[in-house]
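Let's take a friendly walk through this model together. Have the viewer ready, and we will begin with a pocket.

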Amino acid sequence: MLDKNRMPKHVAIIMDGNGRWAKKRNLPRVMGHNAGMQAMKEIVRRASDLGIKYLTVYAFSTENWKRSEEEITGIFRLLVKFVGLDLGELKEQNVRVRVFGDYSCIPARAKASMDEMLEETKDNTGLQFNIALNYGGRLDITRAVNHLAEKVRSGEITGEITEDMISRALYSGDENGDVPDPDVIIRTSGEERISNFLLWQAAYSEFVFTDVLWPDFTPEIFEQTLEQYQSRDRRFGGRK
Ligand code: IPE
Ligand code: IPE
Ligand code: MG
């Protein structure tokens, strides 16, 4: 049973397996992404109901530009559709949406939709739902380093650069409300790798892997993965 008193503060998810889900059904890949978006919607709702404070999902990586133009266009069209259909519900659930990643260069309509979603939910106080979009952990760290280098050049930072300064310069830092590091990172579809997600922030995250393909990932399975997380013994380098 899930212990409601020991819920993770921050859950991050690598939503993988949409393509294989579609292939199994002889459908185009974009249909897999469509089904994946439905799954995401259900998980956001359940995370919000469970009182989780932060949910971060990996929606599009800096490496995903290597895919076909057809697939990329399809993914960003779906994003516009998601905002159109679900913004109202997110507002009702008091969800605040943020973006991790450089979404300035995604297709214009998708960017406009994201801007609308950020603006419309910015005062909400419930679940903070971070969408990692054109996100890469290395991009995140590189951007933070450049930001700090600029502060050194301008004289705003005079002493040493600290871990705390780096954390605060990341997408999860000051600009998005100082999100705590993820307690647990879930990856679906049987792959067991990080694929350039939250590299700095994952230092002490628990990992839960499941063979379930993302579109088949239900709120019930989500709760089971959280139970698995709760069974772990987190030591953070200390002794028992
Ligand atoms: C994850 O599903 C979604 C994105 C990366 C956008 P995939 O599209 O990677 O699905 P598989 O791994 O090919 O099955
Ligand atoms: C990671 O999945 C990125 C997202 C889920 C958005 P990928 O399918 O792109 O990762 P690899 O290529 O299997 O490592
Ligand atoms: Mg994949």
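Arg143, His147, Leu148, Lys151, Ile157, Met165, Arg168, Ala169, Leu170, Asp174 and Glu175 line the second largest pocket of this predicted model. Its volume comes to about 170 Å³. Helix 5 (137-154) and helix 6 (163-169) each contribute at least two of the lining residues, and helix 5 has the largest share, with 4 residues. Sorted by class, this lining holds 5 nonpolar, 1 polar and 5 charged residues.

Now turn to the largest pocket, which has a volume of about 720 Å³. Its lining is made up of 29 residues, and those nearest the centre are Met15, His33, Ala59, Asn64 and Arg67. Several elements take part: helix 1 (18-24), helix 2 (29-49), strand 2 (54-61), helix 3 (69-92) and strand 4 each supply at least two residues. Helix 2 gives the most, with 5 residues.

Strand 4 (residues 128-135) pairs with strand 3 in the parallel sense, over 5 bridges. Within this pairing, look for Phe100, which stands opposite Ala132 in strand 4. To get from strand 3 to strand 4, the chain passes through helix 4 (residues 108-121), and this β-α-β crossover is left-handed.

How enclosed is strand 3 by the rest of the structure? Of its 5 residues (96-100), 4 are buried, so strand 3 is largely enclosed. Buried here means under 20% relative accessible area.

Terms used. Residues numbered from 1 in each chain as written. Chains lettered and ligands numbered in written order. Predicted model: local features only at pLDDT ≥ 70, side-chain atom pairs only at ≥ 80, totals over all residues. Heavy atoms only, no water. Buried < 20%, exposed > 50% of the residue type's maximum accessible area, 1.4 Å probe, protein only. Pairing = 2+ DSSP bridges. Right-handed = clockwise from strand over helix to strand, strands pointing away. 1 Å grid on protein atoms, 1.4 Å probe; cavity = no way out; pocket = protein on both sides within 12 Å on 5 of 7 lines; lining within 4 Å. Points joined across faces, edges and corners; volume = space filled by probe spheres on them. Nonpolar A, V, L, I, M, F, W, Y, C, P; charged D, E, K, R; others polar.
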